[in-house]
Amino acid sequence: MDAMEAILTRRSIRKYTRQPVAQKDIDDLLTAAMAAPSANNQQPWHFVVIDDRRILDEIPKFHPYSQMLRDAPVAILVCGDVSLDRGGGMWVQDCAAATENILIAARAKGLGAVWLGVFPREDRYITIREMLGMPEHIVPFSLVSLGFPAEQKAPSTRFNQARVHRNGW
Ligand SMILES: Cc1cc2nc3c(=O)[nH]c(=O)nc-3n(C[C@H](O)[C@H](O)[C@H](O)COP(=O)(O)O)c2cc1C
């Protein structure tokens with residue numbers, strides 16, 4: 001699958017088979033994440049691989065849109081390291097780029113994934129930070145729920161010429 005096909009056919013997958021995700025696949029997703037661009041090439045990120053069933057089951061108790069984690073074999077928590085941020089807050093964009101790379105790589109590898117919003121919701125990122133014993137300068141940014149897809153979704157065509165401008169508004 002080439003890059004355009006992976007991007008254009010990526011959809012949020014919230015239903016998974018029981019098949020576990022191999023460590024090699026997780027490593028590939030993390031490699032894709034860390035290939036993302038970042039302001040000043042600061043790479044202000046950390047990733048927490050979560051495959052502990054108790055933790056995956058705990059998150060939906062306070063994150064209302066994360067119920068699929070109860071069936072997900074694994075999730076990757078993308079975190080910003082604000083002590084490495086030299087871009088005046090651009091760690092947020094950096095972590096978003098890393099998150100999107102995980103989603104596209106997952107699609108290219110035949111995995112299903114969905115981006116779960118964490119930052120800037122304090123009730124979510126502070127709870128996750130405390131739950132996982134993370135230091136204060138680490139900010140949980142997004143959680144990517146992963147597994148082999150148990151649902152298929154057609155590509156969603158969103159190209160909208162009305163949103164395209166040239167040389168001005
Ligand atoms: C910043 C962000 C936060 C999101 N948070 C959630 C979430 O908490 N739970 C969820 O099920 N989907 C979440 N999504 C996925 C969106 O609902 C999904 O991308 C959107 O509906 C478009 O569908 P598609 O991904 O299948 O193209 C989030 C997506 C983004 C970019």
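Modeller: Helices and strands are DSSP runs, numbered from the N terminus, a helix having at least four residues and a strand at least two. The model before us is predicted.

Biologist: Which pattern does the protein follow when read along the sequence?

Modeller: Read in that direction, the order is α-α-β-α-β-α-β-α-β.

Biologist: How compact is the protein for its length?

Modeller: Its radius of gyration is 16 Å, close to the 15 Å that the globule rule gives for 169 residues, so the protein is as compact as a globular protein of that length. Along the principal axes, its C-alpha atoms fill a box of roughly 50 × 40 × 30 Å. Of the 169 residues, 41% are buried. Among contacts with a separation of 6 or more, 77% are between residues 24 or more positions apart.

Biologist: Which residues of α2 and α4 make the contact?

Modeller: Helix α2 contributes Leu29, Ala32 and Ala33, while helix α4 contributes Ala98, Asn101, Ile102, Ala105 and Ala106.

Biologist: How do the residues of this contact divide into nonpolar, polar and charged?

Modeller: The contact of α2 with α4 has 7 nonpolar residues, 1 polar residue and no charged residue.

Terms used:
Residues numbered from 1 in each chain as written. Predicted model: local features only at pLDDT ≥ 70, side-chain atom pairs only at ≥ 80, totals over all residues. Heavy atoms only, no water. Contact = heavy atoms within 4.5 Å. Nonpolar A, V, L, I, M, F, W, Y, C, P; charged D, E, K, R; others polar. Rg over C-alpha atoms; globule rule 2.2 N^0.38 Å. Buried < 20%, exposed > 50% of the residue type's maximum accessible area, 1.4 Å probe, protein only.
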